[in-house]
Amino acid sequence: MKKRFTLILMAAMCLPTATFADFVVNNIKYAPISDTEVRVTGGTISGSSLVIPETVYDEDEDLDYTVTEIGDNAFALFGADGARITGNVTLPKTVRRIGAGAFNYQSFTAINLPEGLTYIGEKAFEVNRNLHTVVMPSTLKEIGTEAFSRSGLSYVYMLGDTPCTLGDDIFLDVSGEDENLKSVGFHIVVKASRLADYTSAWNCYADALTDKVPLTTSGELPVYAPFSAKPSTGVTTYCSPMALDLSAAEGLTVYYVEAVAGNTVKAVSLPGSVLPAGEGVILNGEKDKTYYARIADDQTAQLGVSNCLKGTLARMSLAATDGDSKNYVLCDTDFTLFSDADPWRRYIRQNTAYLPVRADLAPADTLALTLNGVATAVKRVNTFRCEARELYHTLDGRAAATPSHGIFICKNRKVVAR
């Protein structure tokens, strides 16, 4: 019996081990690392952004895989495929590892590092000059040597309660610039309750560590506004990639949009002092003033009410009409119908918000904003929405077919003719 068992065992050991070939789906390359998981090894990017799916199907093997890794040098600009990514990178929540050099020398402006990610390899994001902020998930355990060196980083947000292990020169020669290429310095933001722990563990970055998250109310105009146009108030849309505790931001009021009724956008104060991640909101404070929030201890916070505003964490293309909805953007103190006439400026900025409204409920191109029932103050200098064919009136009510210098009324708005 023992001899028979030995022969069976030897025969089993001689059987070939199952292997699975690499495959390509939608121009993205995958290599199986088990019978259920794959690693992304590269690909030719069609378009400016990259979206990695959570699962992928190999037709040849008739198998479904879960995407758990981004391989070494997978999307390095000078790697095998050499594809330049100029938009955003979206990773699935299933990714656990990002390999060495995976995205180095790239040009994207935003990437989500999902909860569940544990490892970032050396030089993974080296020389990413357009990447100015990044949020590190609470699950991260290790960051490799020079992972973000010579990048455009100015703010790194650490959600973890426990400092992760660092290689050498993680943030070597980062630019300390924001998305407008303004020098703001380099900051590593951690939870207030964990600042002492990080300062002790990461003493080489003690000067950069802080618990303050900046929120600046500089006002807002659409991307297609002329460079000469300036907001007149501090009313600004915002979307945070993480839950924020606003209790220390004294003087700043935060609103969500409860409803759109006729030509009025009804915004009401945020319930509580925590702004959940991913919610589009309106900030109202002194113009060009920076307030400071903190990373919330509870990152699972929910708004708990219906919010009409849609937040965007990365720069995205937008259309004036999308299916049955019209899309509006904040234009100083009103919401105006988004203009997609210029193909080079059909986008909204990252960390902002827009307002989709059902077309049958949006009769006008301009919707007046009220904050807790109070109309926002009039109004900015408008030199780009009214055209010569529109009807102008002087302040005393007289028609002015071709206005010259002065203040006029057009579409119920104050404008200045220059």
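Author: What follows is a set of questions and answers about a predicted model.

Reader: What makes the pair of Phe108 and Phe125 edge-to-face?

Author: The structure holds 14 aromatic pairs. For Phe108 and Phe125, the ring centres are 6.4 Å apart and the planes stand at 90 degrees. Centres must lie within 6.5 Å for rings to pair, and planes over 60 degrees apart count as edge-to-face. Both conditions hold, so the pair is edge-to-face.

Reader: Where in the chain do Phe108 and Phe125 lie?

Author: Phe108 is in the loop between β8 (97-98) and β9 (110-111), and Phe125 is in the loop between β10 (119-120) and β11 (133-136). They are 17 residues apart, and the pair links distant parts of the chain.

Reader: Why is Phe108 called buried?

Author: The relative accessible area of Phe108 is 0%. Buried means under 20%, so Phe108 is buried. Phe125, at 1%, counts as buried by that cut-off.

Reader: How do you know which kind of pair Tyr198 and Trp202 form?

Author: The rings of Tyr198 and Trp202 are 5.1 Å from centre to centre, with 85 degrees between the planes. The distance is within 6.5 Å and the angle is over 60 degrees, so this pair is edge-to-face. Tyr198 and Trp202 are both buried.

Reader: Which residues form one aromatic cluster?

Author: Phe75, Phe103, Phe108, Phe125, Phe148, Phe171, Phe186 and Tyr205 form it.

Reader: What makes the phi of Glu146 worth a remark?

Author: Most residues other than glycine have a negative phi. Glu146 is not a glycine, yet its phi is positive, about 55 degrees. Glu146 lies in the loop between β12 (142-143) and β13 (155-158). Arg150, also a residue other than glycine, has a positive phi near 55 degrees, and Arg150 is found in the loop between β12 and β13.

Reader: Why is Glu146 called buried, and why is Arg150 called partly exposed?

Author: Glu146 has 16% relative accessibility, which is under 20%, so Glu146 counts as buried. Arg150 has 26%, which falls between 20% and 50%, so Arg150 is partly exposed.

Reader: What makes up the patch of negative charge on the surface?

Author: Glu59, Asp60, Glu61, Asp62 and Asp64 gather there. Asp and Glu count as negative. One of these residues, Asp60, is found in the loop between β5 (55-58) and β6 (63-70).

Reader: How do you know whether Asp60 is buried or exposed?

Author: Asp60 has a relative accessible area of 74%. Exposed means over 50%, so Asp60 is exposed.

Key: Residues numbered from 1 in each chain as written. Predicted model: local features only at pLDDT ≥ 70, side-chain atom pairs only at ≥ 80, totals over all residues. Heavy atoms only, no water. Helix = DSSP H or I, 4+ residues; strand = E, 2+ residues; numbered from the N terminus. Buried < 20%, exposed > 50% of the residue type's maximum accessible area, 1.4 Å probe, protein only. Patch = residues over 30% accessible without salt bridge, like charges linked within 9 Å, V, L, I, M, F, W, Y side chains within 5 Å. Areas by Shrake-Rupley, 256 points an atom, 1.4 Å probe, with all protein chains shown as cover. Salt bridge = Lys/Arg side-chain N within 4 Å of Asp/Glu carboxyl O. Charge placed at Lys NZ, Arg CZ, Asp CG, Glu CD. Phe/Tyr/Trp six-rings, centres within 6.5 Å; stacked < 30°, edge-to-face > 60°.
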